[in-house]
Amino acid sequence: MAKYQDTQCQDVVQDIQSPLAPAWENLQLPELTQGHGTEACLSTFERVAEACRWPRGEWVTRLLPTLRGKAQQAYISLDTRDSRDYGKVKAAILQEDGISPEMQRQHFRQFCYHDVKGPQEVYSQLQELCHCWLKSEIHTKTQITDLLVLEQFLTTLPEEMQNWIWKHGPETCTEVVALVEGF
């Protein structure tokens, strides 16, 4: 199923990049259901939205008809104000799908040039992976700085201690320092 969704998402991108692209208003996006293709489909949706020059304020409205299953439940669970914010909707869908911030960090850090075609696609993919990890639309500059300092702090520790700390899933520098002190 995830492979089918990935193929659908790729078809949408090819459609919008073709010189004979369909009218933007009639563009049919694949349904978004839980699975390994969630990040890819959301990324594709964002690329379509940008290519179509949809105002960011309309993204949630345009995404809603594609939501199914747990993705739809994640949207429904948000309060009214958050349900209008695409960044918060995306974060809720990814969280419901079990994609943790640590997994997103690893996707960003482990990305390889040969995974995509050409430097423009590499740049675009890295930008998207970084955005998914750092969530600049919902995190403050201070929170983003803390994430980067947290990552660097952990890399300075002995490997055994790093593994032990990661198992405890800290989300702040304060939590990491407390765990290191208790190691």
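Guide: Start with the second largest cavity, where α5 supplies the largest share of the lining, 3 residues. The model is predicted, so local features need pLDDT of at least 70 and side-chain atom pairs pLDDT 80 or more, while totals for chains, interfaces and linings use all residues. Residues are numbered from 1 along each chain, and side-chain values use heavy atoms, without hydrogens and water.

Visitor: How many cavities of 30 Å³ or more does the count come to?

Guide: Rolling a probe the size of a water molecule over the atoms shows where empty space is left. On a 1 Å grid over the protein atoms alone, a cavity is a set of points where a 1.4 Å probe fits but cannot get out; lining residues have an atom within 4 Å of a point. The count here comes to 2 cavities of 30 Å³ or more. The second largest cavity holds about 30 Å³, and its lining includes Lys-90, Ala-91, Leu-94 and His-131. Both α5 and α7 (119-134) give two or more residues to this lining.

Visitor: At what angle do the axes of α2 and α5 cross?

Guide: Two packed helices are described by the angle between their axes and the distance between the axes. Helices are DSSP runs (H or I, at least four residues), and axes are lines fitted to C-alpha atoms over the stretch in contact, with angles from 0 to 180 degrees between N-to-C directions. The axes of α2 (residues 38-51) and α5 (residues 86-96) come within 10 Å and cross at roughly 165°. Therefore α2 is roughly antiparallel to α5 (over 145 degrees). Contact (heavy atoms within 4.5 Å) involves residues including Leu-42 and Phe-45 of α2 and Lys-90 and Leu-94 of α5.

Conventions. Angles under 35 degrees count as roughly parallel, over 145 as roughly antiparallel, 65 to 115 as roughly perpendicular and the rest as oblique. On a 1 Å grid over the protein atoms alone, a cavity is a set of points where a 1.4 Å probe fits but cannot get out, and a pocket is an open set with protein on both sides within 12 Å along at least five of seven lines; lining residues have an atom within 4 Å of a point. Grid points are joined across faces, edges and corners, and a volume is the space filled by probe spheres set on the points.
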